[in-house]
Amino acid sequence: MTATNDTPKRRQTRSIETEQRLLAAARSLFSQTGFHDTGTNDVVAKAGATRGALYHHFADKSILFEAVFRQVAGEFYASANKAAAPLSGDPWKQLIFSVGEYLRLVASNSEFQRIVLIDGPVVLGWQQWRSIQTEYLLEGLVYTFNMLIDRGIIAKQPTEPLASLIMAALDDASLSIAHSRTPEETQQQLTAALLSLIKGLQIRP
């Protein structure tokens, strides 16, 4: 390629393609061998890139990990939300289904378990890990509980503290599933226990 043809747009395109290759390579390695057993040399070799390119896009391995973490988490939560979308007209049924589906997806997704639930809290630190989880979960739970109150399904109460407690329970259940030797069995037990707690919020006629 000549200098004349190497336009800013083409350089930008190549830069984006390199970044995506690095992310894909890191995602594959982090999910297979974990953060601590993956070296930056492994990532650049798998991506067919250079160390200079890696550090141009990601200042260090932990920042690369956070980018992969957010990519995996974003896809996971999008999948969970899509599964529950057909029940949007009935917030109670949607909540009950969503909790079960969320934990079922956790149990069946080894990549999510490894990157988000096993390595995530260690690499990012608990506070940042919890903050990112909040970005994906809290707003939707608050919205759902407000709808349930408006429809008289649960008692009137501050919804953000309630949503925070349910989110914490989901996080704890997810971590237990990821660290379990029998994730599907653990998922079934925890789903039943968590749904029992949530159903206790329902106003009885």
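Predicted model: local features only at pLDDT ≥ 70, side-chain atom pairs only at ≥ 80, totals over all residues.
Contact here means heavy atoms within 4.5 Å. Leucine 195 lies in helix H9, which spans residues 183–199. Setting aside neighbours within four places in sequence, leucine 195 is in contact with Ile96 and Val99. Its relative accessible area is 14%, and because buried means under 20%, leucine 195 counts as buried. Arginine 11 sits 184 residues from leucine 195 along the chain, and the C-alpha atoms of the two are separated by 52 Å.

The next pair to consider is H5 and H7. Two packed helices are described by the angle between their axes and the distance between the axes. Helix H5 covers residues 91–108 and helix H7 residues 126–150; their axes come within 9 Å and cross at roughly 150°. Since angles over 145 degrees count as roughly antiparallel, H5 is roughly antiparallel to H7. The crossing of the two helices is left-handed. On the H5 side, the contact involves Pro91, Trp92, Leu95 and Tyr102, which meet Gln133, Leu137, Leu141, Thr144, Phe145, Met147 and Leu148 of H7. By class, this contact comprises nine nonpolar and two polar residues, with no charged ones.

Among the buried residues of H4 are Lys61, Phe65, Phe69, Phe76 and Tyr77, along with Ala73, Ala80 and Ala84. The buried residues of H4 pack against H5 and H7, as well as helices H1 (8–33), H2 (40–47), H3 (51–57) and H6 (110–124).

Terms used. Residues numbered from 1 in each chain as written. Heavy atoms only, no water. Axes fitted to C-alpha atoms, helices over the stretch in contact; angles between N-to-C directions. Helix = DSSP H or I, 4+ residues; strand = E, 2+ residues; numbered from the N terminus. Parallel < 35°, antiparallel > 145°, perpendicular 65-115°, else oblique. Left-handed = near helix turned anticlockwise from the far one by under 90°. Nonpolar A, V, L, I, M, F, W, Y, C, P; charged D, E, K, R; others polar. Buried < 20%, exposed > 50% of the residue type's maximum accessible area, 1.4 Å probe, protein only.
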